[in-house]
Amino acid sequence: LLRILAGQLEPDAGRVSLPRGARVALHDQRPPLGSDLTLEQYVAQGLGDARRAEEELYSLEARMAGGDAGPAVLAAYEQAQARLERAGGYAWRSWLERVLRGLGISEEHLPRPLTGFSGGELTRASLARALVSQPDVLLLDEPTNHLDLEAVEWLERAIGDLGAAVVLVSHDRWLLESLATGVLELDRGRARLWPMGYSAFRRERALAIDRQ
């Protein structure tokens, strides 16, 4: 389901509808094996929009400083500035540092190739890549796997600060209790949305079973 929402798989029926321009990020349990990237390059993939917009702004500013300040250049500058704001603004570097520190990823490990890390370290890298992108829609598959208690508590706060729509799959009941505002139950090929927190969902589901 998460991969369908992320556009990696096509649904057998129906369609996925997202607001125009919405940025979607998926944290997948599967570690990024077989890649020749370094840890830093892999995590920085989540910063693509911010970096490209910032580089374009610098280029346009140089053109304007050289006297090229026509309507087309000004319009391109406004568009690049809007894209940078949507991607988190100029604070993306401090956000990157905050994510790495919060998830316990040491800076000294950033230049190392992905092939030298364990599966647990790679899943944390995947989580970092999804978070640094500051998406509009964040898809999380078992995000607390391989995290210690301090990192889990940091993650709860960070998700709350993002202001994104979050779809979360987890066996961590404490995390669900802390974050979930609705529960999508998949049972025997059917889905039912319970618009309530996790504890309330468990109570209401038990009552529904009794009524049946």
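Contact, as the word is used in these legends, means heavy atoms within 4.5 Å. The model shown is predicted, with local features needing pLDDT of at least 70 and side-chain atom pairs counting only at pLDDT 80 or more, while totals for chains, interfaces and linings use all residues. Residues are numbered from 1 along each chain as its sequence is written, and side-chain values use heavy atoms, with hydrogens and water left out.

View 1. Leaving aside neighbours within four places in sequence, leucine 131 is in contact with Trp95, Val99, Leu103, Leu138, Trp154, Leu155 and Leu162. A nonpolar core is a set of buried Ala, Val, Leu, Ile, Met, Phe, Trp, Tyr and Cys residues joined through side-chain atoms within 4.5 Å, where buried means under 20% relative accessible area, exposed over 50%, and partly exposed in between (1.4 Å probe, protein chains only). The largest such core has 33 residues, and those with the most contacts inside it are Leu39, Val43, Val99, Leu103, Leu131 and Leu138. At least two residues of this core come from each of helix H2 (39-44), H5, H6, E2 and helix H7 (149-162); helices (H or I, at least four residues) and strands (E, at least two) are DSSP runs, numbered from the N terminus. Apart from this core lies another, of 6 residues, among them Leu176, Val183, Trp194 and Phe201. In soluble globular proteins, nonpolar side chains tend to be buried together.

**View 2. Helix H6 and the residues on either side.** Helix H6, residues 119-132, has 14 residues and reaches 20 Å from its first C-alpha to its last, close to the 20 Å expected at 1.5 Å a residue, the expected span being 1.5 Å times one less than the number of residues in the helix. Because 11 of its 14 residues are buried, H6 is largely enclosed by the rest of the structure; the buried residues include Gly120, Arg124, Ser126 and Leu131. H6 is followed by glutamine 134, whose phi is positive, near 45 degrees. In the loop between helix H5 (92-102) and H6 lies glycine 104, which counts as exposed because its relative accessibility is 51%. The C-alpha atoms of glycine 104 and leucine 162, which are 58 residues apart along the chain, are separated by 19 Å.

View 3. Arginine 3 is partly exposed, with a relative accessible area of 28%, whereas aspartate 28 is buried, with a relative accessible area of 9%. Aspartate 141 is found in strand E2, residues 137-141. Aspartate 141 is buried yet has no salt bridge, and the nearest side chain of opposite charge, arginine 3, is 4.8 Å away; Lys and Arg count as positive and Asp and Glu as negative, while His and the chain ends are not counted. Not counting residues up to four places away in sequence, aspartate 141 touches Leu2, His27, Asp28, Gln29 and Val169.

**View 4. The salt bridge between arginine 98 and aspartate 161.** The side chains of arginine 98 and aspartate 161 meet in a salt bridge (2.9 Å, N to O). Arginine 98 in helix H5 and aspartate 161 in helix H7 are 63 residues apart, and the pair links distant parts of the chain. Arginine 98, at 29% relative accessibility, counts as partly exposed, while aspartate 161, at 54%, counts as exposed.

**View 5. The two sides of helix H9.** In H9, which comprises residues 198-211, Tyr198, Phe201 and Ala208 are buried. These three lie on the same side of H9 because they cover an arc of only 80 degrees around the axis, the arc being that of the directions from the helix axis to the C-beta atoms. On the other side of H9, Arg203, Asp210 and Arg211 are exposed. The buried residues of H9 pack against helix H8 (173-179), strand E4 (183-187) and strand E5 (190-194).

Key: Salt bridge = Lys/Arg side-chain N within 4 Å of Asp/Glu carboxyl O.
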